[in-house]
Amino acid sequence: MDKKTDLAVRYQNELNLVPLKEFNAKEMDLFFALCARMKERGLDNVRFSFEELKELSEYKFTGNDRFVHDLENVYQKMISMSYRTDEINEDGDRVIKRFVLFTGFEINVSKMFVDVSVNPKLDYIINGLTTEVSRFKLSAFTSIRSTYAKTLFRLLMQYRSTGYYIVRIEDFKERMDIPESYRQMGQIDQKVLHPALRELQNYFSDLKVAKIKAKKGNKIAKLEFTFSGLKTDTPKIPMHDWTK
């Protein structure tokens, strides 16, 4: 079994609450390839050769100039997806903090490698050992084509044990990074939900979504996703269990 198909992505569920704003599909692949290799490495600096990172993320373009450009774009967007905390400190003060997940990111163009390190304050996001963990095979994620399908895949995998995910429509829009111009449910159906669900039928058995209306008016208040299990014979991944 090659290292790519055997590699799992694992992180604390709260990362699913942070929208990957303006990431395209290939940038998502690169980001989660980094996450997959960084887990269980603590605060160590991790070095990726260009060849390894291309293989892990199924990067199809051969030119290194474009690859370096895409890596720079990924880190620029990673900086913008800062993690936010809002809590009361020991003095009783309300304190809001923002952190980026990866603080070290160095691209050596000449020697063709990337050095990456995790922010010590957010190390638990990738390396924390709790039950509140999302996990999936990296190869399953990279085989998904669209950004909306990739994001919905991650959200559903958080609920793989129950096959049930209900979310307020406002939260769904934020987590999926749906443009504000998609004001009508019909637009979200056409541009987001229907294409994503069609693609994810290859990964989830009996995947369905129900729309729950608000108590007053005809507005959609929540979306309810259900599925009966995970498909083992997924595209390009003939494995019995691709979540471990």
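These legends walk through several close-up views of a predicted model.

Local features are described for pLDDT of at least 70 and side-chain atom pairs only at pLDDT 80 or more, while totals for chains, interfaces and linings use all residues. Residues are numbered from 1 along each chain as its sequence is written, and side-chain values use heavy atoms, with hydrogens and water left out.

**View 1. The whole chain and its confidence.**
Let's start with the overall picture: the protein chain has eight helices and 14 strands. Here helices (H or I, at least four residues) and strands (E, at least two) are DSSP runs, numbered from the N terminus. Of the 244 residues, 52% are buried, that is, under 20% relative accessible area, with exposed meaning over 50% and partly exposed lying in between (1.4 Å probe, protein chains only). Among contacts (heavy atoms within 4.5 Å) between residues at least 6 apart in sequence, 65% join residues at least 24 apart. The chain averages a pLDDT of 85, and 88% of the residues score at least 70; pLDDT is the predictor's confidence in each residue, from 0 to 100. Residues 1–5 stay under 50, with 11 contacts beyond four places in sequence in the model. Residues 235–244 also stay under 50, and for them the model has 36 such contacts. Where pLDDT is low, the predicted coordinates should not be read in detail.

**View 2. An open sheet of three strands.**
The strands follow the order β2-β6-β5 with antiparallel pairing; two strands pair if DSSP finds at least two bridges between them. β2 (46–49) and β5 (102–108) are the edge strands, each with a single partner strand, so one side of each is left without a neighbour in the sheet. Neighbouring strands are turned by 20 degrees against each other on average, direction ignored. Four bridges join β2 to β6 (residues 113–118), and Ser-49 stands opposite Phe-113 in β6.

**View 3. Two helices across the sheet.**
Both α1 (residues 25–38) and α2 (residues 50–57) lie across β2, β5 and β6. Relative to β2, α1 runs at about 130 degrees and α2 at about 85 degrees. Axes are lines fitted to C-alpha atoms, for helices over the stretch in contact, and angles run from 0 to 180 degrees between N-to-C directions.

**View 4. Helix α6 and its neighbour α7.**
Helix α6 (residues 147–157) is mostly covered, with 10 of its 11 residues buried; among them are Lys-150 and Arg-154. α6 packs against α7 (residues 169–176) at an angle of about 120 degrees, with the axes 10 Å apart. That makes α6 oblique to α7, since angles under 35 degrees count as roughly parallel, over 145 as roughly antiparallel, 65 to 115 as roughly perpendicular and the rest as oblique. Tyr-148, Thr-151, Leu-152 and Leu-155 of α6 meet Phe-172, Arg-175 and Met-176 of α7.

β10 (residues 208–213) and β11 (residues 220–226) pair in the antiparallel sense over six bridges, with Val-209 partnered by Phe-225. Six residues lie between the strands of this hairpin, where Gly-217 takes a positive phi near 85 degrees. Five bridges join β8 to β11, again antiparallel, and Tyr-165 stands opposite Phe-225.
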